[in-house]
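Trainee: I would like to learn how to read a structure like this one. Could we go through it feature by feature?

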Amino acid sequence: MLSVLSLGKSYAGESTVEAVKDVSLDLEQGQSLAIVGRSGSGKSTLLAMIGGISRPTSGQVLIDEVDQWKLDDTARADLRNKKLGFVFQFASLLPTLRAVDNVALPCLISGTLSAREAYARAHALLDRVGLSHRYDAFPGQLSGGEQRRVAIARALVNSPKLLLADEPTADLDEATEAEILNLLIDIHKALQVTLVVVTHNPEIAERADHVIEMRGGETVSKTERSSSEVVSQAIDIVREIYDVSPEKAAVEKVRLGEGLERFVGRFVMWVVPVVIIAWCLNWAVADYERSEIEAKAQRRMALEELAMQGLRADLKSVEFGPGKTYIVTIYLRNTKGDEPLYVMSPLVRGFVQVGTSWLEVPMKSLESASAQVLKVSGTQMLRYEMEPDVPEFTQLLPYYMHVRFTNDMLISPRSQPKDDLVERNDSYYVYLKPHDADDKAILSKMKFPGKPPVWVPMPPH
Ligand code: ADP
Ligand code: MG
């Protein structure tokens, strides 16, 4: 999968520094390599050449048989995006984006997946690295170890075949370091992604399939653990247990003693009918209970499907209102059409991003207060007046506020529900132009077909 052939790099200067000299190595798909050695021994330079970041002065780097330094810049960037994942010395997360945005970002940039799929994958990866409860946290709210987990998830989002990590735990305490390095190795094994890691940690070097030690740009020792032998041994063991040939089965046929057969015959005559009757009774009861439970579960599923698929809810528009207000319109549409849906008091709230947190801003419904239970048959508009007075908002898009609306609804097919009520929580994200923003200044930074819009919707995430 990875072949490095006589790779070398020298830096020209007052005196030429040979950072890496004549290094060769081979890795198969799914194997791991630990690179150890003192500071200045050339580890980072080697990794950067493998990763297509720093051009070698001699030698080749083949990834899946393709010499990556023979490719032009665009093709190499493409290969890097599609096949490689990087975890650097420091977590290097973008501080104004949430954990899940940071993970999804490489995917959104490369356009390999739709935004929806990218976010689904980002969630799954955060689950895999043990951060399922921290999707929405900003990097500043996470511990060093947690930030590193996010960085690992981000490195994996484009499903790389080769993961490169350069002292990924340099700034962490000992316990966290061990935890993160073990996570890295576990993930490499579970996902069969090839791993090259530069580390000082001897235990990790112990867990890797190959270890090379570098000194003065050269590899001074190589250790290869015969992991392929272990694998083939495992396959042999599995084959021994499960691969039963017919001849072998015939030989193994079990014979009961002769006298025993008559006794067994009588025993069977009495015991078998009793067991069968008891079993039938038992089965009938269990079946009844099971069908009750199944019916209940099916009703629940139908209900949830109705709440998720039968009702479409989204932001329709955001307009400038009087003074410093905005008029926010949300629509609810019954897509099943034939039967009405009831939505109990939807609670819509607005938040503006300030630094790394969300500041709730006043939001008031413009509908008549009496409508506590909404009957939705066709399309229903809900209007709100929002008045954000937030001087120091975060600008992910120049001049614009980053706004999140949450819409919490209880949905039922009946106006007076009992157990047929499902909760649904939606979020909509938009960029919102402040009332006092200067359109000319905005247009000098960003391109819009006409006037800069009041709001720019973002994909659901
Ligand atoms: P390691 O990661 O093992 O600490 P590096 O690969 O960073 O080692 O560095 C190897 C050698 O190359 C060092 O002597 C370093 O000073 C030198 N080196 C690294 N980068 C450069 C550069 N951009 N210009 C000149 N010398 C460099
Ligand atoms: Mg280094």
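Trainee: Which residue stands opposite Leu-33 in E8?

Mentor: Val-196 stands opposite Leu-33. First, some ground rules. This is a predicted model, where local features need pLDDT of at least 70 and side-chain atom pairs count only at pLDDT 80 or more, while totals for chains, interfaces and linings use all residues. Residues are numbered from 1 along each chain as its sequence is written, chains are lettered from A and ligands numbered from 1 in the order in which they are written, and side-chain values use heavy atoms, with hydrogens and water left out.

Trainee: What do labels such as E8 stand for, and when do two strands pair?

Mentor: Helices (H or I, at least four residues) and strands (E, at least two) are DSSP runs, numbered from the N terminus. Two strands pair if DSSP finds at least two bridges between them. Take strand E3. E3 pairs with strand E8 (residues 194-198) in the parallel sense over four bridges. E3 also pairs with strand E9 (residues 210-215), again in the parallel sense, over five bridges. There, Ala-34 has Val-211 in E9 as its bridge partner.

Trainee: How many residues of E3 are buried?

Mentor: Start with the cut-offs. Buried means under 20% relative accessible area, exposed means over 50%, and partly exposed is in between (1.4 Å probe, protein chains only). In strand E3 (residues 32-37), six of the six residues are buried, so the strand is largely enclosed by the rest of the structure. Both faces are covered. Ser-32, Ala-34 and Val-36 are on one side, and Leu-33, Ile-35 and Gly-37 on the other.

Trainee: What is the strand order in the sheet that holds E1?

Mentor: Read across the sheet, strand by strand. The order is E2-E1-E4-E5, in an open sheet of four strands with antiparallel pairing. Strand E2 (17-27) and strand E5 (66-67) are the edge strands, each pairing on one side only. Two bridges join E5 to strand E4 (residues 58-63), and the two run antiparallel. One pair to look at is Ile-63 with Val-66 in E5.

Trainee: Which helix packs on that sheet?

Mentor: Contact here means heavy atoms within 4.5 Å. Axes are lines fitted to C-alpha atoms, for helices over the stretch in contact, and angles run from 0 to 180 degrees between N-to-C directions. Helix H1 (residues 43-50) packs on the sheet and touches strand E1 (2-11), E2 and E4. The direction of H1 makes about 125° with that of E1.

Trainee: What is the order of the open sheet that includes E11?

Mentor: Its four strands run E11-E12-E17-E15, with antiparallel pairing. The edges are strand E11 (311-320) and strand E15 (363-365). From one strand to the next, the twist averages 25°. E15 pairs with strand E17 (residues 379-386) in the antiparallel sense over three bridges. Ser-365 has Tyr-384 in E17 as its bridge partner.

Trainee: At what angle do H5 and H6 cross?

Mentor: Angles under 35 degrees count as roughly parallel, over 145 as roughly antiparallel, 65 to 115 as roughly perpendicular and the rest as oblique. The axes of helix H5 (residues 144-156) and helix H6 (residues 174-191) come within 10 Å and cross at roughly 20°. That makes H5 roughly parallel to H6. The residues that meet include Ile-152 and Leu-156 in H5, and Leu-183 and Ile-187 in H6.

Trainee: How many salt bridges are there?

Mentor: Side chains of opposite charge can pair when their charged atoms come close. The rule is a side-chain nitrogen of Lys or Arg within 4 Å of a carboxyl oxygen of Asp or Glu. The count comes to 16 salt bridges. Arg-349 and Glu-360 form one of them, at 2.8 Å, N to O. Arg-349 lies in strand E13 (residues 341-354) and Glu-360 in strand E14 (residues 357-361), so the pair ties together parts that are 11 residues apart in sequence. Arg-349 is partly exposed at 31% relative accessibility, and Glu-360 is partly exposed at 41%. Asp-64, Lys-83 and Lys-161 are linked in a salt-bridge network.

Trainee: Is Arg-76 buried or exposed?

Mentor: Arg-76 counts as buried, at 7% relative accessibility. Arg-76 lies in helix H2 (residues 73-83). Leaving aside neighbours within four places in sequence, the contacts of Arg-76 include Arg-55 and Trp-69.
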